Amino acid sequence: MFLIVALGAAILLTDRRFGEISSLIKTSPHVRVLVVVLFLPFFAILAVEVFHGKIVANTLDSPVRFLLATIVFFSLRRMTYVLPKWVDLTFGAGAICAAAMALYSTADLLAARAESSFLNPIHFGDIALLLGILSLVSIHWLSHDKPWIVAFKILGGAAGCYASWASQSRGGWIALPCLLVVWFFWHRHPISAGRRVAVALFAVVLLISAFASPTVRERFEAIRTDLTSLSAGQPDSSTGIRLELWKAAGKLIEAKPILGWGAHGYRDAMPAMAATGVLTPMAANYGKGEIHNQILAYVVDYGLVFGLLSILGVYVGPAYFFIRSAKLRHSPREHRAALMGLMTAVAFAIFGLTVETFNLKVTVAFYSTMVALFAAFAYPVDNSIDTIDDKIPAAP
């Protein structure tokens with residue numbers, strides 16, 4: 001689906017005046033930053049793999065989606081004002097579908113944690129939560145919403161929170177207060193003081209109700225229990241295995257810090273680490289799947305030079321772009337898009353602390369698409385200044 005979107009965007013991209021994109025990149029530093037950080041993972045990973053003499057096609061799948069997101073961004077910039085107003089209903093619709101799937105998987109399939117056929121409970125809960133929050137933030141975004149639309153978006157917010165709760169994914173719960181803080185302190189938020197108070201009250205009620213849930217309390221209590229077991233020499237628990245995998249990653253980074261171990265370097269090191277007692281067999285088996293930390297995953301395989309720069313850029317670059325766009329543009333519509341884009345970048349940065357988010361096609365395509373979409377809405381072509389819309393007037 002993402003490739004179809006990218007192909008359609010590429011076709012639209014051909015209808016451009018010669019030199020338009022290069023002019024935009026030259027005159028807009030924050031656009032230049034966005035393009036560089038989205039291109040960097042693909043070329044950085046390719047360079048490291050060439051250096052190691054081992055190019056693995058599936059390791060380039062995720063990075064190329066970041067690259068293609070730039071095509072979607074440049075194409076959508078011209079279309080934001082002609083897209084139908086109901087586009088912002090898709091966040092709530094997605095969250096409601098996630099809630100229905102959560103109910104089906106737990107009540108009908110009797111799964112212990114809500115998930116879908118193509119997303120495990122962690123990614124399922126994280127994306128559902130983000131969709132719910134975006135549904136709430138999108139109220140009165142593209143137009144002044146009618147009461148039933150406001151109700152639908154609020155329902156989407158509740159549905160996303162329910163799906164996240166049913167998934168029992170703690171990463172999303174940790175991200176939730178961070179996203180609410182970003183929303184509340186967004187300095188360009190065009191809302192009255194009364195509405196800002198309403199946001200604060202909503203956040204307080206949501207957090208209190210969440211942590212009043214026995215399920216939420218039990219999941220966080222499990223962390224304390226796991227740490228107690230780890231200190232007693234029993235690392236084979238959810239938290240204990242993660243900490244052991246991170247320690248193993250530190251040893252591998254120390255051994256090859258500059259250019260890392262190459263494609264699947266961490267995964268391939270697991271048998272030896274289990275044999276030497278660095279990891280338990282259970283932890284090593286989990287490590288063959290992932291490190292449970294997106295930053296460490298890139299640094300171990302691709303080093304502190306290319307790996308760290310690439311993965312931090314994917315988070316920090318879009319965040320900088322959205323903050324800068326909000327300073328350059330003055331439309332509430334554009335500011336709200338910048339806020340939602342910033343929240344998406346922050347959310348995935350937090351999600352990536354406890355799970356690898358870019359080793360699955362679904363999750364990396366979701367993030368890339370959301371970044372491109374919100375970037376286009378936050379910094380669209382200004383039709384009042386023809387196509388050269390991004391030059392900042394010189395100070396008088």
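Reader: What makes His292 count as buried or exposed?

Author: This is a predicted model, and the value is computed from it. His292 has a relative accessible area of 12%. Buried means under 20%. So His292 is buried, at 12%.

Reader: Where does His292 lie?

Author: His292 lies in the loop between helix H13 (281-287) and H14.

Reader: Why is His140 called partly exposed?

Author: The relative accessibility of His140 is 24%. Buried needs under 20%, and exposed needs over 50%. The value of 24% falls in between, so His140 counts as partly exposed.

Reader: Now the charged pairs. How many salt bridges does a search of the whole structure find?

Author: The search finds nine salt bridges.

Reader: Why is the contact of Lys54 with Asp268 called a salt bridge?

Author: The closest N and O atoms of Lys54 and Asp268 are 3.3 Å apart. The cut-off is within 4 Å, from a side-chain nitrogen of Lys or Arg to a carboxyl oxygen of Asp or Glu. At 3.3 Å the pair meets it, so the contact is a salt bridge.

Reader: What does the pair of Lys54 and Asp268 tie together?

Author: Lys54 lies in the loop between helix H3 (29-52) and helix H4 (61-76). Asp268 lies in helix H12 (residues 265-275). The pair therefore ties together parts that are 214 residues apart in sequence.

Reader: How do you know whether Lys54 and Asp268 are buried or partly exposed?

Author: Lys54 has 37% relative accessibility. Asp268 has a relative accessible area of 40%.

Reader: What about Lys153 and Asp88?

Author: Their side chains meet in a salt bridge, at 2.7 Å from N to O. Lys153 lies in helix H7 (residues 147-167), and Asp88 in the loop between H4 and helix H5 (89-108). So the pair ties together parts that are 65 residues apart in sequence.

Reader: Which other salt bridge does Lys153 form?

Author: Lys153 forms a salt bridge with Asp145. Their closest N and O atoms are 2.8 Å apart. That is within 4 Å, so the pair qualifies.

Reader: What makes Lys153 and Asp145 buried?

Author: Lys153 has a relative accessible area of 1%. Asp145 has 6%. The limit is under 20%. Lys153 is therefore buried, and Asp145 is too. Asp88 is also buried.

Reader: Which residues do salt bridges with shared partners join into one network?

Author: Lys54, Arg267 and Asp268.

Reader: What lines the second largest cavity?

Author: The lining is His123, Asp126, Ile127, Phe348, Phe351, Thr357 and Thr363. Helix H6 (121-137) and helix H15 (332-351) each give two or more residues. H6 has the largest share, three residues. By type, the lining divides into three nonpolar, three polar and one charged.

Reader: Why is Thr344 called buried?

Author: Thr344, found in helix H15, has 0% relative accessibility. Buried is under 20%, so Thr344 counts as buried. Thr344 and Ala319 are 25 residues apart in sequence, with their C-alpha atoms 8.8 Å apart in space.

Reader: How far apart are Leu360 and Phe118?

Author: They are 242 residues apart in sequence, and 9.5 Å apart in space, C-alpha to C-alpha. Leu360 sits in the loop between H15 and helix H16 (361-378).

Reader: What lets Val305 belong to a nonpolar surface patch?

Author: Patch residues need over 30% relative accessible area. Val305 has 34%, so Val305 passes that cut-off. The patch of about 340 Å² is made by Ile258, Val305, Phe306 and Leu309. Val305 has its place in helix H14 (residues 294-328).

Methods. Residues are numbered from 1 along each chain as its sequence is written. This is a predicted model: local features need pLDDT of at least 70, side-chain atom pairs count only at pLDDT 80 or more; totals for chains, interfaces and linings use all residues. Side-chain values use heavy atoms; hydrogens and water are left out. Patches are made of residues with over 30% relative accessible area and no salt bridge: like charges are joined within 9 Å, nonpolar side chains (Val, Leu, Ile, Met, Phe, Trp, Tyr) within 5 Å. Accessible areas come from the Shrake-Rupley method with a 1.4 Å probe; for residues, only the protein chains shown count as cover. Helices (H or I, at least four residues) and strands (E, at least two) are DSSP runs, numbered from the N terminus. Buried means under 20% relative accessible area, exposed over 50%, partly exposed in between (1.4 Å probe, protein chains only). On a 1 Å grid over the protein atoms alone, a cavity is a set of points where a 1.4 Å probe fits but cannot get out, and a pocket is an open set with protein on both sides within 12 Å along at least five of seven lines; lining residues have an atom within 4 Å of a point. Ala, Val, Leu, Ile, Met, Phe, Trp, Tyr, Cys and Pro count as nonpolar, Asp, Glu, Lys and Arg as charged, and the others, Gly among them, as polar.
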